[in-house]
Amino acid sequence: MKAFRLDELEAERAANDGAYLQFLRERNMSVGLYALDAGQVDPQLPHNQDEVYFVVSGRASITVGMETTQVGRGSVVYVPAEVPHKFHHISEDLRVMVVFSPPES
């Protein structure tokens, strides 16, 4: 079994000065923690994998393709592979669990 604590993952992510920390990689998926602070610009480009975002904390909007919605703690968003997407109008520091399938390259 592999078990993780969000506070420890956040501390490791912050210590590595990165917005993204991959903490699990298996044959069919990978999982990471993505962080964007209030007012920050999301620099992502489309990925070659399907993604599921689970918002752990914070508030923002996300645009996937031509659709935009508000997200906050507890929101879950599916993003198909190669579809442009970005978080924006980040009003509270955003912490998002990201599941990639297949694993992110």
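**Briefing: salt bridges, cores and a surface patch**

Arg95 counts as buried, at 14% relative accessibility. This residue belongs to a predicted model, in which Arg95 and Asp37 meet through their side chains in a salt bridge (3.2 Å, N to O). The count of salt bridges comes to six, and the largest nonpolar core has 16 residues.

**Salt bridges**

- The Asp37–Arg95 pair links distant parts of the chain, 58 residues apart: Asp37 lies in the loop between β2 and β3, and Arg95 in strand β6.
- Asp37 is partly exposed, with a relative accessible area of 35%, whereas Arg95 falls under the 20% limit for a buried residue.
- Another salt bridge joins the side chains of Glu10 and Arg13 (2.7 Å, N to O).
- Because Glu10 and Arg13 are three residues apart in helix α1, about one helical turn separates them.
- Glu10 is partly exposed at 21% relative accessibility, while Arg13 is buried, with a relative accessible area of 9%.
- A network of salt bridges links Glu10, Arg13, Asp37 and Arg95.
- Glu26 forms a salt bridge with Lys2, with 2.5 Å between the closest N and O atoms.
- This pair also connects distant parts of the chain, 24 residues apart: Glu26 is in the loop between β1 (20-25) and β2, and Lys2 is in the segment before α1 (6-15).
- Glu26 counts as partly exposed at 36% relative accessibility, and Lys2 as exposed at 54%.

**Nonpolar cores**

- Within the largest nonpolar core, the residues with the most contacts are Tyr53, Ile62, Val71, Val77, Phe87, Leu94 and Val96.
- The elements giving two or more residues to this core are β2, β3, β5 and β6 (85-101), and β6 gives the most, with six residues.
- Beyond its neighbours within four places in sequence, Val96 is in contact with Gly32, Leu33, Tyr34, Tyr53, Phe54, Val55, Val56 and Phe87.
- A second, separate core of six residues includes Leu9, Phe23, Val31 and Leu33.

**Surface patch**

- At least two residues of the patch come from each of β3 (50-64) and β5 (76-79).
- Val52, found in strand β3, is partly exposed, with a relative accessible area of 33%.

**A buried loop residue**

- Gln49 lies in the loop between β2 (30-36) and β3 and is buried, with a relative accessible area of 5%.
- A polar atom of the Gln49 side chain lies 3.4 Å from the backbone oxygen of Pro103.
- Leaving aside neighbours within four places in sequence, the contacts of Gln49 include Val79, Pro80, Phe100 and Pro103.

Key: Residues are numbered from 1 along each chain as its sequence is written. This is a predicted model: local features need pLDDT of at least 70, side-chain atom pairs count only at pLDDT 80 or more; totals for chains, interfaces and linings use all residues. Side-chain values use heavy atoms; hydrogens and water are left out. Helices (H or I, at least four residues) and strands (E, at least two) are DSSP runs, numbered from the N terminus. Buried means under 20% relative accessible area, exposed over 50%, partly exposed in between (1.4 Å probe, protein chains only). A polar contact is a pair of N or O atoms within 3.5 Å; within protein, one must be able to donate a hydrogen and the other to accept it, and residues adjacent in sequence count only if both atoms are side-chain atoms. Contact means heavy atoms within 4.5 Å. A nonpolar core is a set of buried Ala, Val, Leu, Ile, Met, Phe, Trp, Tyr and Cys residues joined through side-chain atoms within 4.5 Å. A salt bridge is a side-chain nitrogen of Lys or Arg within 4 Å of a carboxyl oxygen of Asp or Glu.
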